[in-house]
Amino acid sequence: EGADELRLSNGTGPCSGRVEVKHEEKWGTVCDGDWTIEDAEVVCKQLRCGSAVKALNRAPFGEGSGPTWLYRVDCRGDEATLWNCSHPGWGSFSCPHYFDTGVICSGFSGLRLTGGHTACSGHLKVKQEKTWATVCFSHIDFKTASVICNELECGQAVDILRGTHFGDRHELTWQEEFHCVGNETHLAHCPRMLHHNKTCSHDATVICSGYGGYRLANGSTTCSGRVELLHGGTWGTLCDYLWDLPAATALCQQLDCGVALLIPRDRFVDGNGPVWRDAFHCEGTESCLWDCAQVTLGNPTCSAREAATVVCSGKSGTQLMLCKTFHSQTVPTGVAEDVGVICSGDRQIRLVNGTKRCAGRVELYHDGIWGTICDDNWDLSDANVVCKQLGCGHAIKAFASAHYGKGSGQIWLDDVNCTGAESDLWACPSRAWGQHNCQHKEDAGVLCSEFLALRLVNGNDCAGRLEVFYNGTWGSICSNRMSQLTAITVCKHLNCGDGGEIATDFKYGRGSGPMWLDHIECTEQHSSLWQCQSDPWDPQSCDNRAEETHISCTDREKLRVIGGKDGCSGRVEIWHQGSWGTVCDNSWDVADANVVCRQLGCGSAVSALSEAAFGEGTGPIWLEEVHCKGTELSLWDCPANTLFCKNCDHKEDAAVNCS
């Protein structure tokens with residue numbers, strides 16, 4: 001006589017379905033009007049299907065056939081087999097099949113993101129029994145990524161990318177598609193669907209924002225303390241490097257704690273755990289810290305005593321936050337139609353017309369108007385105060401003669417004469433506000449040490465030796481431990497497409513300046529090199545010039561639909577050789593449209609439309625005679641004529657309507 005067996009039938013895969021038991025060489029069902037999650041847990045464990053997600057009765061997976069082998073099973077949840085649970089005996093009661101039980105198991109016992117250099121990005125894997133299975137790119141969508149990031153305490157979903165190509169790799173792959181609603185707390189709770197005919201050509205890479213939470217610790221109130229960020233499930237202290245009032249105010253507002261009043265350098269700092277090296281560069285208008293530019297590249301390592309701290313004004317409710325006043329005389333306040341208040345005493349400073357932050361024409365906000373500064377007597381001491389005030393390090397150069405272009409409107413200050421020690425530019429001796437003998441061709445500017453720029457030299461804009469501008473000087477970047485991901489990040493940063501590789505032939509020559517950085521590690525979530533981890537700034541970072549980095553960017557094609565009501569219907573357009581163009585409708589059918597819809601994350605195709613159904617496009621017609629099978633993950637994987645089409649015009653532009 002054969003051993004008793006257990007299976008799940010008619011579900012989406014081997015880990016969901018109607019509960020069926022083989023006894024005395026015959027398959028039958030389980031009947032139970034009081035079927036519980038503990039009963040289902042034993043089934044899932046016995047089948048090595050992870051944990052129980054749902055225990056269902058009344059034939060949720062259809063009515064079975066054969067005998068009712070088990071009736072009124074009562075499990076504790078830790079039994080090795082279902083028939084080890086308390087029950088009246090095999091075949092003791094013949095039950096109608098519309099009472100057949102069902103189970104949905106998670107199918108896996110854990111999930112993780114691997115190979116992404118941080119705990120919050122990487123290739124998605126789920127644990128099946130003792131093996132980690134790879135999840136296909138085509139089996140998840142953005143809602144699923146949101147659930148994954150939430151479950152891993154990794155903040156919000158940022159992106160899903162096609163990961164590595166499977167090729168001839170024979171590794172375990174997860175067989176079911178996830179269809180999350182987005183509000184599930186665990187991936188195991190999402191509905192799933194099995195697709196036998198779907199091929200898996202790429203694995204899924206998920207990128208989460210990384211910070212799952214922000215809080216103030218060790219403070220005397222809920223709105224003061226040491227700044228802590230949750231990263232990969234671990235709370236750590238934020239380093240105080242370049243931490244300033246605009247960044248502190250963004251955090252205070254995010255925590256509903258008003259505005260930042262003070263950054264106490266010696267209070268609240270006792271703590272343990274990791275110290276995160278990120279620096280946030282805020283303009284003061286952001287309502288969340290993650291809206292600010294984030295720079296990690298080159299930042300120094302910090303001890304736990306060097307923690308970012310803040311004292312916020314407290315829960316603001318609906319009260320109007322008072323503006324700071326830097327002078328005593330009262331000036332009428334301008335109110336703009338009840339939508340906001342401009343306080344005459346609220347002075348601000350900014351740099352304009354530089355290509356990035358920390359360089360530009362100096363402008364001051366006073367009496368509700370932005371204006372410039374005259375360059376009479378403008379020197380490095382004056383520029384130093386500006387750079388320090390903006391959290392931009394020290395001044396490299398004080399520019400005169402409208403180096404960053406002429407401003408307009410008021411010229412607020414003239415004959416500024418700072419010592420360099422002042423905390424604000426308006427604390428320096430100068431003529432009275434608005435008194436000057438200048439024109440805008442004399443507008444003053446500054447270049448600060450924290451101004452960063454990136455370029456590829458000796459090739460073209462998108463290929464060459466990699467150089468970074470820091471502390472006023474262009475210098476090299478070393479290639480030790482650099483991955484292709486970092487090269488791709490450089491290409492994205494320089495608007496050179498989404499592909500790139502480290503060139504090994506050193507054809508772009510050797511540098512001569514400082515060798516600023518080494519051990520740069522970027523992840524998929526980084527679109528800017530400034531957000532990547534690296535060693536601290538050091539002009540002698542490389543051992544020799546042979547370690548300098550040479551990069552070649554390769555533009556990857558992109559896809560969009562135009563003219564529909566949403567991003568899931570419209571004229572198909574593709575990006576190729578630096579411009580958007582259309583697809584000719586010759587042989588355009590639902591199989592082609594299916595690939596487009598799936599690539600856009602828009603489900604399957606409802607229809608493949610021709611003859612410029614969403615209007616005629618412009619520019620080149622990049623493809624004609626597209627012949628997709630319908631299973632490809634990308635339109636670029638389909639056979640097609642890719643020559644600049646001579647046989648078509650824009651009256652024949654192809655379009656799609658996705659589900």
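# Close-up views of a predicted model

Residues 24 or more positions apart account for 68% of the contacts in the protein chain with a separation of 6 or more. The model shown in these figures is predicted.

**Figure 1. The whole chain and its confidence.** The protein chain has 659 residues, and 49% of them count as buried. Its secondary structure comes to six helices and 41 strands. The average pLDDT of the chain is 84, with 89% of the residues scoring at least 70. Over residues 317–344, however, the pLDDT is below 50. This stretch has 30 contacts in the model beyond near neighbours in sequence. Where pLDDT is low, the predicted coordinates should not be read in detail.

Figure 2. Helix α1 covers residues 37–46. Which residues of this helix are buried? They are Asp39, Ala40, Val42, Val43 and Cys44. An α-helix has 3.6 residues a turn, so residues three or four places apart point the same way. Just after the helix comes Arg48, with a positive phi of about 55°.

Figure 3. Side chains of opposite charge can pair when their charged atoms come close. The structure holds 19 salt bridges. One of the pairs is Asp78 with Arg76, whose closest N and O atoms are 3.2 Å apart. Are Asp78 and Arg76 buried or exposed? Both residues are exposed. Another salt bridge joins the side chains of Arg226 and Glu228, at 2.5 Å from N to O. Here Arg226 and Glu228 are both buried. Salt bridges also link Arg7, Arg18 and Glu20 in a network.

Figure 4. The side chains of Glu467 and Arg455 form a salt bridge, with a distance of 2.8 Å from N to O. Why does Glu467 count as buried? Its relative accessibility is 7%, and buried means under 20%. Arg455 has a relative accessibility of 30% and therefore counts as partly exposed.

**Figure 5. Gly464 and the residues it touches.** Gly464 is in strand β31. With a relative accessible area of 0%, Gly464 is buried. Leaving out residues up to four places away in sequence, Gly464 touches Leu456, Val457, Gly459, Tyr508, Thr549, His550 and Ile551. How far apart in space are Gly464 and Phe506? From C-alpha to C-alpha the distance is 9.0 Å, while in sequence the two are 42 residues apart.

Figure 6. Rolling a probe the size of a water molecule over the atoms shows where empty space is left. The structure holds one cavity of 30 Å³ or more. The largest cavity has a volume of about 30 Å³. Which residues line the largest cavity? The lining consists of Tyr241, His281, Val295, Leu297, Asn299, Glu450, Leu452 and Trp537. By class, five of the lining residues are nonpolar, two are polar and one is charged.

Terms used. Residues are numbered from 1 along each chain as its sequence is written. This is a predicted model: local features need pLDDT of at least 70, side-chain atom pairs count only at pLDDT 80 or more; totals for chains, interfaces and linings use all residues. Side-chain values use heavy atoms; hydrogens and water are left out. On a 1 Å grid over the protein atoms alone, a cavity is a set of points where a 1.4 Å probe fits but cannot get out, and a pocket is an open set with protein on both sides within 12 Å along at least five of seven lines; lining residues have an atom within 4 Å of a point. Grid points are joined across faces, edges and corners, and a volume is the space filled by probe spheres set on the points. Ala, Val, Leu, Ile, Met, Phe, Trp, Tyr, Cys and Pro count as nonpolar, Asp, Glu, Lys and Arg as charged, and the others, Gly among them, as polar. A salt bridge is a side-chain nitrogen of Lys or Arg within 4 Å of a carboxyl oxygen of Asp or Glu. Buried means under 20% relative accessible area, exposed over 50%, partly exposed in between (1.4 Å probe, protein chains only). pLDDT is the predictor's confidence in each residue, from 0 to 100. Contact means heavy atoms within 4.5 Å. Helices (H or I, at least four residues) and strands (E, at least two) are DSSP runs, numbered from the N terminus.
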